[in-house]
Amino acid sequence: MAITKILARKGRLDMGIKYVLNGDKTEEQILTAHLNCDPGRERRQMLDTKRAYGKMDGVQYYHVIQSFKPGEVTPELALEIAKEFSQEHLPDYQTVIGVHVDRQHIHAHIIFNSVNAFTGEKYHSNAQTYYSQIRAISDRLCREHGLSVIMEGQPSQAVSYIEWLRQSKGQPTFRTMLEADLRTAIEGANDLGHFFLLMEHMGYEIYHGNRLGFRLRGQDRFMYPERKNPLFSEDGIRAAIQGNLEAIEAGLRPAAVRRPAYRPYQKHLKCTGLLALYVHYLYVLGKVGQRRYPPRMTPQLRQEVMKAEQYRAQFAFLRENNIATQEDMTAFQSRTEETLANLTKHRTILNVRKKKRRKLYDALADVEALAQARQLYEDGLSGMEAEFARYMDAVAVLDQCGIPRERLTAEKADIYGQLAEFNHQIRAERKKLALCREICSRLPQMEQEINQIEAKEMIRDDRRRR
C-alpha cells in the first residue's frame, strides 16, 4: 500500500534537493535516481529551465511522497516503483528521487521542477489530477508489484491485494459475508429486537451507537455497513423487516422512510413571541422570499443556506410544539427531561434484567453459533477442539438453569426488542433537548443582529429623505 500526497513548494530548490538526497536517509545516496537532469547539477539545470522560459516566480518545485506499509516493500522495490511513476507521469520534467529508510515505514520522495523542460508549461495540481493521475498511477503500480492498495471510495481503509483480487473475481470477503448475514437476519426477524438476537446467534457482537457496528467474536474492529448502504442503518433495517426488503434492494423504496405524523388542518395562527422573532429574523436576512434566479453555490453561500435551513427547522419545531414564549420553552424542556428520565429509568431496568441473564443469553448464542463447529468436530475434523468445548459448556449452562430454551429465547427477544424501542425514543427526546438548547443560545444574538440591521436601514432611509 502506498499513501501518496503532493506538495507545492515556493522555497529554495537546493534545500528540497538536499533533503531528498540526504545520505543518512538514502544509504549514502545508493537509493536515489535522476530523470532529465544530472547528479550534482540538478539545481542549476532546473534554474536554467526557468530562466529560459521566463518563469522564475511562483511555485518552484513539487514534492510527491509515497509512503509504503511497514514490512511490505523493500527499499529497492520502492525505488523501482518511484522511478516507474516518474517516467510515466513526469516524462518531460527534471526529477530527483530518493528513498528514505530512516523510519519504520519506507517512503519515497520525488521532487520535480515546476516548469516543463521541453514545453515551458508550468505543472498544475488539483484534486482532480491527484485522483485521476497521481493516485491512479501509484495504485496501479502497487497492484502490478503485488502490494496492497487503497480501494476507491475508502480513503482511510487499506485493503490487501489478495482481498482486492477476491472482490474483483466475485469471491466472498468479510464485508460481503456480513451483508449476507444481515439480509438473512432481516428476512427471519419479526422486529428489530429479534433481528439483534438472530445476529448475536450467528456469532456477531453488536455496537449500538450513532451507527450500528458488527464484528465476529475474535475480530479486533467493528464494521459499519451503514456507511456504504443505508439499508443497514437502524431505520433501514426496521423498514426492511416490515416486508419491504425486496423493494428497498430494487431501489423502489427508500431504506429509511421519514413521514411526518398526520395532523388535521389548522388555520395559521398569528405569530407572536418567539415565532414572531424567527419570522422577523428570516425576513430581515432575506431568507423568506423565493429567489427567481439563485446565484452560484459558493462555499459562503452554502454555509448561509445551511444556516437558513437550521433556522427553518427550529421555527418548525417551535410551531409544532406550540412554543411562543420563554415560559413555553421552559415548560417544554421540563416535560422532555421528565420523559427522558422515565425512558432512561425503564431502559436501566431492562439492562439490569439483561445483565442478570447475561450468562444464559451468551450460552444461547454460543449454542446457535457453534452448532456447525460441533458437527465438524464430531465428523473428525481437527482444530475444532476449543469451539466444541465452548459449545458443550454452553449446553451445560442451559441444562442446569431449568428454563426451556424456547421460553428463554422468547424472553431474550422480548428484552432486546424493548431495548431497541427505548433507545429509539431516547435518541428522539435528546434531539428535542438539543434543539431547545440551541434555540435558547441563539435568541440573544438574533435580537442583537435584528437591531443592528434595522438601525442601518433607518440610517439609509434618513439619507434618502435628505
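# Reading local features in a predicted model

Mentor: Glu 385, at 44% relative accessibility, counts as partly exposed. Keep in mind throughout that this is a predicted model.

Trainee: Why does Glu 385 count as partly exposed?

Mentor: The class comes from two cut-offs: buried is under 20% relative accessible area and exposed is over 50%, with partly exposed in between. Glu 385 has 44%, so the middle class applies.

Trainee: Where is Glu 385 placed?

Mentor: Glu 385 belongs to helix 14, which covers residues 385-401. Its C-alpha atom is 8.9 Å from that of Ala 373, a residue 12 positions away along the chain.

Trainee: Next, salt bridges. How many does the structure hold?

Mentor: The count is 20. To read one, ask for the N–O distance, then for the places of the two partners. Lys 25 and Asp 102 form a salt bridge in which the closest N and O atoms are 2.9 Å apart. This pair links distant parts of the chain, 77 residues apart. Lys 25 sits in the loop between helix 1 (13-20) and strand 2 (32-35), while Asp 102 sits in the loop between strand 4 (95-100) and strand 5 (107-113).

Trainee: Is Lys 25 buried or exposed?

Mentor: Lys 25 counts as buried because its relative accessibility is 18%, which is under the 20% cut-off. Asp 102 has 37% and counts as partly exposed.

Trainee: Which residue forms a salt bridge with Asp 38?

Mentor: The partner is Arg 41, and the closest N and O atoms are 3.9 Å apart. A salt bridge here requires a distance within 4 Å, so this pair qualifies. Asp 38 is partly exposed at 36% relative accessible area, and Arg 41 is partly exposed at 45%.

Trainee: What separates Arg 358 and Asp 362 within helix 12?

Mentor: About one helical turn, because the two residues are 4 apart in helix 12 (residues 358-369). Salt bridges that share partners join Arg 358 and Asp 362 with Glu 200 and Lys 412 in one network.

Trainee: Which residues form the positive surface patch?

Mentor: The patch consists of Lys 456, Arg 460, Arg 463, Arg 464 and Arg 466. Take Arg 463 as the example: this residue lies in helix 15 (residues 405-465). With a relative accessible area of 63%, Arg 463 is exposed, because the value is over 50%.

Trainee: Now strands. In which sense do strand 8 and strand 9 pair?

Mentor: The general idea comes first. In a regular strand, side chains alternate between the two faces of the sheet. In this structure, strand 8 (residues 204-208) and strand 9 (residues 212-216) pair in the antiparallel sense, over 5 bridges. The two strands form a hairpin with 3 residues between them.

Trainee: Last, backbone angles. What is phi of Glu 27?

Mentor: Phi of Glu 27 is near 55 degrees, a positive value in a residue other than glycine. Glu 27 lies in the loop between helix 1 and strand 2 and is partly exposed, with a relative accessible area of 40%. Asn 36, a residue other than glycine, has a positive phi near 65 degrees. The loop that holds Asn 36 runs between strand 2 and helix 2 (42-53), and Asn 36 is partly exposed at 33%.

Technical notes: Residues are numbered from 1 along each chain as its sequence is written. This is a predicted model: local features need pLDDT of at least 70, side-chain atom pairs count only at pLDDT 80 or more; totals for chains, interfaces and linings use all residues. Side-chain values use heavy atoms; hydrogens and water are left out. Patches are made of residues with over 30% relative accessible area and no salt bridge: like charges are joined within 9 Å, nonpolar side chains (Val, Leu, Ile, Met, Phe, Trp, Tyr) within 5 Å. Accessible areas come from the Shrake-Rupley method with a 1.4 Å probe; for residues, only the protein chains shown count as cover. A salt bridge is a side-chain nitrogen of Lys or Arg within 4 Å of a carboxyl oxygen of Asp or Glu. Lys and Arg count as positive and Asp and Glu as negative; His and the chain ends are not counted. The place of a charge is taken as NZ of Lys, CZ of Arg, CG of Asp or CD of Glu. Buried means under 20% relative accessible area, exposed over 50%, partly exposed in between (1.4 Å probe, protein chains only). Two strands pair if DSSP finds at least two bridges between them.
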